[in-house]
Amino acid sequence: MAGQGTPATALLVKRGVAHRTHPYRVSPDAPNYGALVAVALGVAPERVFKSLVTAVDGTLTVAVVPVTGELDLKALAAAVGGKRAALADRAVAERATGYVRGGISPLGQRKRLPTVLDDSASDFPTIYVSAGRRGLQLELAAADLVALTDARTAPLQAR
């Protein structure tokens with residue numbers, strides 16, 4: 001779509017990866033933002049994933065989890081061989097990725113960060129992740145996301 005390019009979409013085009021962009025309108029200050037994005041897109045919320053920048057033993061790491069769940073920080077730390085994980089400060093996350101909160105994509109980040117994708121992503125032919133700005137989602141195969149980010153997959157949702 002014209003005028004909707006981001007570093008994430010540019011990466012997908014450059015690599016020839018099949019994807020679709022989906023614009024939506026949801027206030028970034030709305031509670032339950034992720035669930036509202038799923039409603040706006042007309043898709044099951046389990047297919048919409050959020051990218052959370054964390055610090056695992058001091059190393060910035062991206063956790064990609066369904067908007068319907070909560071990130072299990074202990075599971076994330078274990079998935080990357082760490083001991084302790086915490087959500088990164090908003091300013092740190094924005095500076096490292098080049099994106100703003102509510103629009104952080106796991107793709108095309110300013111600094112490529114280690115990435116872990118919740119294993120539930122493999123349950124779907126395609127998943128939705130931020131395209132790198134509020135109001136725009138990318139739909140792509142989970143396997144393509146893994147390949148482009150060198151992600152690990154692991155169970156990351158708090159049970």
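A residue is called buried when its relative accessible area is under 20%, exposed when over 50%, and partly exposed in between (1.4 Å probe, protein chains only). Helices (H or I, at least four residues) and strands (E, at least two) are DSSP runs, numbered from the N terminus. The structure is a predicted model, in which local features need pLDDT of at least 70 and side-chain atom pairs count only at pLDDT 80 or more, while totals for chains, interfaces and linings use all residues. Residues are numbered from 1 along each chain as its sequence is written, and side-chain values use heavy atoms, with hydrogens and water left out.

In strand S7, 5 of the 5 residues are buried, so the strand is largely enclosed by the rest of the structure. Leu136, Leu138 and Leu140 point one way from S7, whereas Gln137 and Glu139 point the other way.

Strands of a sheet pair through backbone hydrogen bonds, either parallel or antiparallel. Two strands are taken to pair if DSSP finds at least two bridges between them. Here, 3 strands form an open sheet in the order S1-S7-S6, with antiparallel pairing. S1 and S6 are the edge strands, each pairing on one side only. On average, neighbouring strands of this sheet are turned by 35° against each other, direction ignored; the axes are lines fitted to C-alpha atoms, for helices over the stretch in contact, and angles run from 0 to 180 degrees between N-to-C directions.

Strand S1 (residues 20-23) is joined to S7 by 4 bridges. Within this pairing, Thr21 stands opposite Leu138, and His22 has Gln137 as its bridge partner. Between S6 and S7 there are 5 bridges, and Arg133 stands opposite Leu136. S6 and S7 form a hairpin with 2 residues between them. In the turn, Gly135 has a positive phi of about 90°.

A nonpolar core is a set of buried Ala, Val, Leu, Ile, Met, Phe, Trp, Tyr and Cys residues joined through side-chain atoms within 4.5 Å. The largest such core holds 27 residues, and Leu107 and Leu138 are among those that touch the most other members. Elements that give two or more residues to this core include helix H1 (7-15), strand S6 (127-133), strand S7 (136-140) and helix H5 (142-149). Leaving aside neighbours within four places in sequence, Leu107 is in contact (heavy atoms within 4.5 Å) with residues including Ala8, Leu138, Leu140 and Leu145.

Ala35 lies in helix H2 (residues 33-41). Ala35 counts as partly exposed because its relative accessibility is 28%.
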